[in-house]
Amino acid sequence: MSQSTVVAPSLSTEQFEELYALIQNADRVELKLTVPEANQRAAVAELGLDPLEGQIRQVFFFDTPDLRLDAAGVVVRARRVQNKGDDSVVKLRPVIPTELPKSVRRSPDFGVEVDAMPGGFVCSGSMKNSSTAVAVRDAVTGKRPVRKLFSKEQRAFYSEHAPKDVSLDDLSVLGPIFVLKLRFKPAGSDRRMVAELWLYPDGSRILELSTKCAPAEAFQVAAETRAYLTERGVSLSGEQQTKTRTALEFFSSELAPTPA
C-alpha cells in the first residue's frame, strides 16, 4: 500500500538505506495510499465504508500567500474536530531524527513520523497542542491572534525553523477543508485502518487510506496491507496526491493578486 510496500523494487539502494535509517529512529510509521477519484466509489464499496460513521473535521492551514513556510519545510495547521475539540500542530519536514535537539525529542508533545506511500517517503517532526486555549474559529475569523492557538513549545519550534521575518500573526488563513475521517477494521483483516475524505471548495476530493504501525513492523505491515488491498481491487498504481500540498496550492492561488 505504501511506499514501504513498493520500496524494494522501486527505490534505489541508497534510497532504501535512507528510508531504513529514518524508520529505525522514528517514533511511528504511517503507510498511506491515495485512491484515484475514478476508483473511489468502488474502493468505498469494496471496503464496506459507511460515511455516516465518519468524524467531521475542519482543517485550516496558515502560510503566506506565496507559501514561504512551505518553501522552508514548515507546516502550520489547526483543526476543529467534531465531539473532540480543537488542536494545532507545527510540523517540520523533512527531518533527520538523529539531528534533532534532545530537548525537542524529549517533549511529550513532539513526535517523529515517517510517512510512506507508493513511490516516495518523508520523515517529519511535529509539535502538537491538543487543547488550544483559544478556539480555532475565533482565530480564523480574526477575533483572536493566530499565535494564541499555539503553545509556548510550538511557538519556539516555529521561531527556530520559520523565516525570521514571518511571525505567526503575519500568516494568512488557508482553508477550511471539510474532512470526513473514518476509523475501520476491514473484513478479512486484523489491522485497523483510517479513511480520510478531503473535500476541496472546487469540488475535487482526495480519498486517503492509511494505517499506522511501529517502526520495527513497518515492512511486514506494508506487504500485508498491499496484498490485502490488491486482492480487493483497490488501485495501488494511481498518482499519489498529498492532502496538504493540494490544500496549500488551492488556497494560495485564491490569495494571489489579480493581474492588472
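Throughout this note, buried stands for a relative accessible area under 20%, exposed for one over 50%, and partly exposed for values in between, computed with a 1.4 Å probe on protein chains only. The model is a predicted one, in which local features need pLDDT of at least 70 and side-chain atom pairs count only at pLDDT 80 or more, while totals for chains, interfaces and linings use all residues. Residues are numbered from 1 along each chain as its sequence is written, and side-chain values use heavy atoms, with hydrogens and water left out.

1. Salt bridges and the pair Arg105–Asp27. If a salt bridge is taken as a side-chain nitrogen of Lys or Arg within 4 Å of a carboxyl oxygen of Asp or Glu, the count comes to 14. One of them joins Arg105 to Asp27, with 3.0 Å between the closest N and O atoms; this pair links distant parts of the chain, 78 residues apart, since Arg105 belongs to helix H5 (residues 102-105) and Asp27 to the loop between helix H2 (13-24) and strand E1 (28-35). Helices (H or I, at least four residues) and strands (E, at least two) are here DSSP runs numbered from the N terminus. Arg105 is partly exposed, at a relative accessible area of 26%, and Asp27 is likewise partly exposed, at 37%.

2. The pair Lys181–Glu196. Lys181 forms a salt bridge with Glu196, the closest N and O atoms lying 4.0 Å apart. Because Lys181 is in strand E7 (residues 172-184) and Glu196 in strand E8 (residues 193-199), the pair ties together parts that are 15 residues apart in sequence. Lys181 is buried, with a relative accessible area of 13%, and Glu196 is buried as well, with 12%.

3. The side chains of Glu217 and Arg191 meet in a salt bridge at 3.8 Å, N to O. Glu217 is partly exposed, with a relative accessible area of 31%, and Arg191 is partly exposed, with 23%. Elsewhere, salt bridges link Arg28, Glu113 and Lys212 in a network.

4. The second largest pocket. A pocket is defined on a 1 Å grid over the protein atoms alone, as an open set of points where a 1.4 Å probe fits, with protein on both sides within 12 Å along at least five of seven lines, and its lining residues have an atom within 4 Å of a point. The second largest pocket is lined by 14 residues, among which Val44, Pro51, Leu180, Leu197 and Leu207 lie nearest its centre. Helix H3 (37-47), E7, E8 and E9 are the elements that give two or more residues to this lining.

5. Cysteines. With a disulfide defined as a pair of cysteine sulfur atoms within 2.5 Å, the structure holds 0 disulfides. Cys123 is in no disulfide, the nearest cysteine sulfur being that of Cys213, 14 Å away. Cys123 is buried, with a relative accessible area of 2%, and Cys213 is buried, with 6%.

6. Thr244. This residue has its place in helix H9 (residues 243-255) and counts as buried, at 15% relative accessibility. Leaving aside neighbours within four places in sequence, Thr244 is in contact (heavy atoms within 4.5 Å) with Phe61, Val75 and Arg93. Thr244 and Ala116, 128 residues apart in sequence, are 15 Å apart in space, C-alpha to C-alpha.
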